[in-house]
Amino acid sequence: MAENISAERNAKSKRSFKKAIRVDLTPMVDLGFLLITFFVFTSSMSAPKAMAMVMPDDKSIITDDICESCAITVIPTGNNKIFYYEGTDKNPDYKTTTYSADGLRTLLLKKKRAAALQGRDAILIIKPSAKSSFKNLINIIDESTIAVYKRYYLDKLDLDQEKLFE
């Protein structure tokens, strides 16, 4: 591990000579790599976190009482546009909003407060169009999670709505 390297001593000199010590650091490097390897293999990596989504069983039909004043339907379309209407499908009054915190989040929070005044839960119905992206759907679900919506549904567009949002 350590090695003495001595210089030849001159017979006439009365001075003692100094021994040069050379330390071999190879075992220290090996130990360092062993420790790094040990900690890499024994540490646990963080598990990916995914949002839980309850999917209904296709065999059973569940009917849910939806309060017309508590429901809001959001339709993501192409070019990051969102159309929405409040209430049920009867005579919808389409309005637009954005994905920003001042847009969709504010809209969802207002609807939730209005439903809470009636003592009911707000219901979000998401009807993605064929031109909307998966990112748009995830953004809407994220906003509903931030606004703490307990119930939201994914639905298909009606034929009339498909023609309207093409």
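I looked up Phe38 to start, and its 46% relative accessibility makes it partly exposed. The terms work like this: buried is under 20% relative accessible area, exposed is over 50%, and partly exposed is in between, with a 1.4 Å probe and protein chains only. Phe39, at 52%, therefore counts as exposed.

A note on what I am reading: this is a predicted model, in which local features need pLDDT of at least 70 and side-chain atom pairs count only at pLDDT 80 or more, while totals for chains, interfaces and linings use all residues. Residues are numbered from 1 along each chain as its sequence is written, and side-chain values use heavy atoms, leaving out hydrogens and water.

Next I checked ring pairs. Rings of Phe, Tyr and Trp (its six-membered ring) pair if their centres lie within 6.5 Å; planes under 30 degrees apart are stacked, over 60 edge-to-face, and the rest tilted. I found 2 aromatic pairs by this rule. Phe38 and Phe39 have ring centres 5.3 Å apart and planes at 70°, so they are edge-to-face. Tyr85 and Tyr94 are also edge-to-face, because their centres are 5.4 Å apart and their planes stand at 85°. Tyr85 is buried at 0% relative accessibility, whereas Tyr94 is partly exposed at 27%.

Last, I looked at Ile82. Ile82 is in strand E4, residues 82–86 (strands are DSSP runs of E, at least two residues, numbered from the N terminus). At 0% relative accessibility, Ile82 is buried. What does Ile82 touch, not counting residues up to four places away in sequence? Its contacts (heavy atoms within 4.5 Å) include Val74, Lys95, Thr97 and Leu104.

Methods:
Helix = DSSP H or I, 4+ residues; strand = E, 2+ residues; numbered from the N terminus.
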